[in-house]
Amino acid sequence: MRSLWTGVAAGALICAWVGGAAAADLPGKFDGVTIDAKLIGGQQYEALYARIAEWEQATGAKVNVLSKKNHFELDKEIKSDIATGNITWCVGSNHSSFAPQYPGIYTDLAALLPKEEIDAFVPANISASTLDGKLVMLPRAQFDVSALYYQKSLYQDDAKKAAFKEKYGYDLAVPETWQQVSDQAIFFASPPDFYGTQFAGKEEAINGRFYEMLVAEGGEYLDADGKPAFNSEAGVRALDWFVNLYKAKAVPAGTTNYLWDDLGQGFASGTIALNLDWPGWASFFNDPKSSKVAGNVGVEVQPKGSSGKRTGWSGHHGFSVTENCANKEAAASLVWFLTNEDSQKLESSAGPLPTRSAVWDWVIEQALNDPYKKEVLIAFQQAAQHAFPVPQTPSWIEISNAVYPELQAAILGDKTSKEALDTAAEKATEILEDAGEL
């Protein structure tokens with residue numbers, strides 16, 4: 001595992017931190033200070049937020065959570081704050097996919113925290129958190145790349161094995177390709193009680209899934225000149241994958257309105273056979289208190305497209321401090337506390353991948369005597385080898401907001417895949433031209 005991240009780091013641009021804060025005792029003392037924060041919300045994040053009380057007790061400061069929303073809604077709120085000049089809060093959740101849109105509102109954390117603390121993170125994650133020479137966010141234990149969760153019992157059923165072999169001509173086994181996922185999803189589906197798979201069908205979620213399927217099909221989202229290139233033959237194949245599953249009723253009818261929490265709850269309900277999802281759900285899926293498939297969950301590296309490439313859309317979460325914050329030192333202390341070793345161990349124990357090097361050692365040790373954790377770790381270790389970020393344009397989210405209704409139109413049958421992608425490419429081109437990127 002460490003060799004994987006060493007390899008990733010070796011190819012990364014590692015900034016030389018100059019002028020960073022001198023070594024200091026953390027978390028520090030900030031009696032009477034109140035830090036206003038806007039945080040990402042969701043079941044998988046609540047355990048970490050429970051630690052805020054510990055930081056308050058240690059520092060004498062208080063945290064006032066103004067918002068707790070999914071990143072799509074939080075992004076809209078932050079953009080509204082920028083437009084109205086209302087950046088009066090101090091700490092905000094951030095993400096590598098969203099950060100390029102608003103680097104100007106966030107301060108350089110390298111000037112506020114000891115260099116040795118920053119050096120404790122995986123260099124590749126620090127590199128991806130650095131924009132225009134500024135460390136705009138500190139990564140949390142939420143490095144995201146998706147692997148394939150599945151119900152093991154489906155592959156142990158002799159009757160299903162025989163029926164599948166007769167229908168498709170090959171043995172029923174955990175899918176290695178996205179064509180096999182499609183075949184199996186249609187085979188397993190028995191609507192409205194059981195579905196073969198599911199996908200998040202709106203906002204950046206569906207655009208990101210389309211993007212990684214496009215790459216797996218041998219296509220590219222933006223070409224070498226930064227122009228939209230997804231309305232290609234590879235793009236049509238990628239979008240048709242979603243269209244055909246929806247048409248076959250192999251996915252829930254409401255999937256075009258799903259986001260990540262809907263997928264997690266769906267697979268945990270026991271009504272989904274195959275689920276491409278993030279590492280943060282691993283513990284939730286195998287916990288009998290939260291999941292009907294506990295004890296029946298398998299995890300495998302994400303499948304390949306027709307090009308032989310695997311899907312691998314990835315990114316990571318973090319926390320940022322605003323330039324307008326009245327007490328940046330206290331805010332940076334809070335951000336450090338929520339991403340320190342104890343916090344990353346807490347988050348990683350539930351499945352998310354850490355971004356601190358030492359916590360990788362701890363995760364590996366914890367998995368040695370736990371077969372499920374070991375299976376999860378191996379799957380996501382392999383998944384991370386195929387990870388790739390979103391196109392590096394500040395307009396990514398704005399493009400996603402313009403493209404996803406067109407993807408939905410194709411999935412719902414209102415347009416052909418080519419018609420939808422041609423229109424989406426026109427909209428994306430206009431956005432990039434208006435932004436001065438073309």
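Visitor: Where is the place of proline 192?
Guide: In this predicted model, a cis peptide bond joins proline 191 and proline 192. Omega there is about 5°. Most peptide bonds are trans. Proline 192 sits in the loop between α8 (178-188) and α9 (203-216).

Visitor: Which residue does a cis peptide bond join to proline 27?
Guide: Start with the location. Proline 27 lies in the loop between α1 (2-10) and β1 (34-40). Omega of the cis bond is about 15°. The partner is leucine 26.

Visitor: Is glutamate 203 buried or exposed?
Guide: Glutamate 203 lies in helix α9. Its phi is positive, about 55°, although it is not a glycine. Buried means under 20% relative accessible area. At 7%, glutamate 203 is buried.

Visitor: And aspartate 132, buried or exposed?
Guide: Aspartate 132 is found in the loop between β4 (130-131) and β5 (134-135). It is not a glycine, yet its phi is positive, about 50°. The cut-off for exposed is over 50%. With 78% relative accessibility, aspartate 132 is exposed.

Visitor: Which strands stand at the edges of the open sheet?
Guide: The sheet has three strands in the order β8-β7-β9, with antiparallel pairing. An edge strand here has a single partner, so one side of it is left without a neighbour in the sheet. That describes β8 (274-277) and β9 (297-300).

Visitor: What does the twist average from one strand to the next?
Guide: Take the open sheet β8-β7-β9 again. From one strand to the next, the twist averages 25°.

Visitor: Why is strand β6 largely enclosed by the rest of the structure?
Guide: β6 spans residues 138-145. It is largely enclosed because its buried residues number eight of the eight.

Visitor: Which residue in β10 does aspartate 144 stand opposite?
Guide: β6 is joined to strand β10 (residues 314-321) by five bridges. The two strands run antiparallel. Across from aspartate 144 stands glycine 315.

Visitor: What covers the buried residues of α11?
Guide: Helix α11 covers residues 260-268. Its buried residues are Trp260, Leu263, Gly264, Gly266, Phe267 and Ala268. Both helices and strands are in the cover, which includes α4 (71-84), β7, α9, β8, α12 (282-285) and β9.

Visitor: Which glycine follows α11?
Guide: Its phi is positive, near 85°. The residue is glycine 270.

Visitor: How many residues apart are glutamate 46 and lysine 68?
Guide: The two form a salt bridge, with the closest N and O atoms 3.4 Å apart. Glutamate 46 is in helix α2 (residues 46-49), and lysine 68 is in strand β2 (residues 62-69). Glutamate 46 is partly exposed at 35% relative accessible area, and lysine 68 is partly exposed at 41%. The pair links distant parts of the chain, 22 residues apart.

Visitor: Where does lysine 304, the salt-bridge partner of glutamate 176, lie?
Guide: The closest N and O atoms of the pair are 3.6 Å apart. Glutamate 176 is in the loop between α7 (158-168) and α8, 128 residues from lysine 304. Glutamate 176 is partly exposed at 32% relative accessibility, as is lysine 304 at 28%. Lysine 304 lies in the loop between β9 and β10.

Visitor: Which residues do salt bridges that share partners join into one network?
Guide: The structure holds 22 salt bridges. Those that share partners make one network of Lys38, Lys69, Glu77 and Asp81.

Note on methods
Residues numbered from 1 in each chain as written. Predicted model: local features only at pLDDT ≥ 70, side-chain atom pairs only at ≥ 80, totals over all residues. Heavy atoms only, no water. Pairing = 2+ DSSP bridges. Helix = DSSP H or I, 4+ residues; strand = E, 2+ residues; numbered from the N terminus. Axes fitted to C-alpha atoms, helices over the stretch in contact; angles between N-to-C directions. Buried < 20%, exposed > 50% of the residue type's maximum accessible area, 1.4 Å probe, protein only. Contact = heavy atoms within 4.5 Å. Salt bridge = Lys/Arg side-chain N within 4 Å of Asp/Glu carboxyl O.
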